[in-house]
Structure formats: C-alpha cells, structure tokens
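Please read the briefing below alongside the sequence and the coordinates. It goes through selected local features, grouped by topic.

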Amino acid sequence: MTELEKALAQHVAQVRETMQAALRAAGRKEGDVLLCAACKTQDAQTVLASAQFDIDLFGENRVQELTEKLAAGAYGTKPVHMIGHLQTNKVKYVVGHAALIHSVDSARLVDAIEKEAGKLGVVQDILLEVNIGAEASKSGVAPAEVRALAEYAATKPHVFVRGLMAIPPTETEPGQARRYFAQMKTLFDKLADAHIQRVSMDVLSMGMSGDFESAILEGATLVRVGTAIYGQRHYATLSGTII
Ligand SMILES: *Cc1c(COP(=O)(O)O)cnc(C)c1O
C-alpha cells in the first residue's frame with residue numbers, strides 16, 4: 001500500500017468505528033447507516049484510492065468535478081451522489097449519472113429534473129434539502145414547506161423522493177447541531193407517517209466530519225464525511241494556486 005492508501009484505510013476504519021459505536025449507543029442495527037465519502041476537491045487518483053476501502057458511496061458538490069471524475073473512473077464500482085447545490089441549467093449533467101440528488105429545494109429544480117429524466121427515460125431519485133436552521137444564506141426549503149414540495153415532486157413520473165437532507169448551521173456550542181438533527185428526524189417521521197403516494201422516507205442524509213456521531217444518535221441513515229477521511233481540503237484557485 002502507498003502512504004496515501006494507508007492513511008485513507010486508517011481514516012475510514014476510524015470513521016466506521018465511531019459510526020458503529022453511535023449505532024450501538026442508539027440501539028440501532030450495525031450497518032444501519034451508509035457512509036458517503038464527500039470527496040470535493042480531491043483528485044481522481046485519491047478518490048479511486050479510497051474506493052477500495054469501506055465506503056458505501058461518494059458525494060460530489062460540483063457538477064464539473066462529478067463529470068470529470070466519472071470520466072476518469074474515479075469512483076470504481078461505487079455509486080456517486082450529488083450533495084451540493086444544483087443549478088437548473090446544470091441538471092442535464094447530473095440526471096442519470098448521480099444515483100441520488102440530495103439538494104433539491106424548489107419546484108423549479110424538480111421541473112428541470114423531471115424534464116431531463118423524462119428525456120432519458122429514467123426515474124431520478126432525489127432528497128429534499130431542508131433549511132433546518134432557517135438561515136438566510138443557506139439553500140434548502142423551509143421545514144413548513146417540505147410536505148408541499150414532496151407532494152409536488154410526487155406528481156412527476158420521472159422523479160422519486162427518497163427522503164430528506166440537511167446541513168445544520170455551524171454552531172460553536174457542542175450539542176447544538178444535535179437539536180437540529182432531532183428536528184430533522186421528527187420531520188422525517190412525520191412525512192413517513194403521511195404515506196404520500198410515490199414518496200418514500202428511506203434516506204435521512206445528515207451529519208458531517210464534526211457531528212456525524214450525533215446525527216446517527218438522532219436517526220441519520222446516511223452520513224457525508226469529507227475531512228475525517230481525506231484530511232483538510234485545499235481549494236485551488238483558477239490560476240492553480242493553492243489557497
Ligand atoms: C463538504 C461537505 C460535506 C463533508 O464535510 P466535512 O466537514 O469535510 O466532513 C458534507 N456534506 C456536504 C453537502 C458538503 O458540501
């Protein structure tokens with residue numbers, strides 16, 4: 001193994017251990033949570049190196065990275081999800097390629113996905129992104145409007161709602177995120193209990209490197225972990241300088 005592979009193997013094992021401990025603490029079944037490796041800014045070689053370890057799937061934020069890494073075969077045999085904000089004009093590069101789109105937060109975006117999926121003759125699985133902290137700067141639909149958006153998406157034959165996703169506010173106080181995760185779980189259960197035709201609540205996507213443990217304690221079924229697997233991200237500017 002290369003040094004990179006050794007480091008990735010160790011990081012993934014640590015994340016898995018923490019996941020299992022949280023599942024046990026919550027009285028949930030082992031393997032009840034999917035591990036999504038959030039690999040934004042990581043190059044194809046690094047992503048492919050990580051694909052051999054105990055990761056269930058990959059998550060990308062930017063359409064361009066998704067397209068490039070798919071072409072490079074960076075995900076190996078594992079699925080990739082779109083977890084970042086998606087503009088309607090980029091939908092055509094994602095539908096049919098991403099097994100799940102986590103960031104759907106408007107009827108307009110649902111329409112664009114429906115149109116593209118219809119063209120391809122596929123049904124695109126999506127999650128509705130909830131702005132659980134009611135932050136003006138964040139994308140996501142307000143908790144009170146999730147049900148209406150789910151019902152709207154359910155009328156589209158080439159779109160299927162599989163659950164909810166959230167990125168809670170970055171809080172300084174530990175334990176704050178957990179309250180948002182609990183609110184998400186309540187919302188998730190309420191929608192499941194509503195038994196809306198062609199809407200299923202299978203996936204509750206929440207929790208990142210700093211808080212995936214509390215997300216699992218509150219009922220996450222998929223955690224999106226970047227830094228704890230790959231280390232600190234380096235954002236390259238257009239001129240190629242690392243910042
Ligand atoms: C980057 C990112 C993550 C992972 O964040 P880390 O703190 O690096 O684990 C998860 N979800 C989304 C939507 C992201 O953009």
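A215 is found in helix α7, which spans residues 212-217, and the model in which it is described here is a predicted one.

**Residues of α7**

- A215 counts as buried because its relative accessibility is 0%, where the cut-off for buried is under 20%.
- The C-alpha atoms of A215 and F181 are separated by 5.8 Å, although the two residues are 34 residues apart along the chain.
- When residues up to four places away in sequence are not counted, A215 touches F181, M206, G207 and A220.
- S214 also lies in helix α7, and with a relative accessible area of 16% S214 is likewise buried.

**Strand β4 and its partners**

- Strand β4 covers residues 100-104, and because five of its five residues are buried, it is largely enclosed by the rest of the structure.
- Strand β3 (residues 80-82) pairs with β4 in the parallel sense over two bridges, and H81 has L100 in β4 as its bridge partner.
- The pairing of β4 with β5 is also in the parallel sense and runs over two bridges, with I101 standing opposite I126 in β5.

**Packing of helices α4 and α5**

- Two packed helices are described by the angle between their axes and the distance between the axes.
- For helix α4 (residues 107-120) and helix α5 (residues 146-154), the packing angle is about 20° and the axes are 10 Å apart.
- Since angles under 35 degrees count as roughly parallel, α4 and α5 are therefore roughly parallel to each other.
- The crossing of these two helices, α4 and α5, is right-handed.
- On the α4 side the contact involves A107, V110 and D111, which meet L149, Y152 and A153 in α5; by class, this contact has five nonpolar, no polar and one charged residues.

**Packing of helices α1 and α2**

- Helix α1 (residues 3-25) packs against α2 at an angle of about 55°, with the axes of the two helices 9 Å apart.
- The helices α1 and α2 are therefore oblique to each other, and α1 passes α2 in a right-handed crossing.
- L4, E5 and L8 in α1 meet T46, A49 and S50 in α2, and the contact of α1 with α2 has, by class, three nonpolar, two polar and one charged residues.

**Loop residues with positive phi**

- T41 has a positive phi of about 70° although T41 is not a glycine, and its place in the chain is the loop between β1 (34-38) and α2 (44-51).
- With a relative accessible area of 28%, T41 is partly exposed.
- A134, which is not a glycine either, has a positive phi of about 50° and lies in the loop between β5 (124-130) and α5.
- A134 counts as exposed because its relative accessibility is 66%, the cut-off for exposed being over 50%.

Conventions. Residues numbered from 1 in each chain as written. Predicted model: local features only at pLDDT ≥ 70, side-chain atom pairs only at ≥ 80, totals over all residues. Heavy atoms only, no water. Axes fitted to C-alpha atoms, helices over the stretch in contact; angles between N-to-C directions. Helix = DSSP H or I, 4+ residues; strand = E, 2+ residues; numbered from the N terminus. Parallel < 35°, antiparallel > 145°, perpendicular 65-115°, else oblique. Left-handed = near helix turned anticlockwise from the far one by under 90°. Contact = heavy atoms within 4.5 Å. Nonpolar A, V, L, I, M, F, W, Y, C, P; charged D, E, K, R; others polar. Buried < 20%, exposed > 50% of the residue type's maximum accessible area, 1.4 Å probe, protein only. Pairing = 2+ DSSP bridges.
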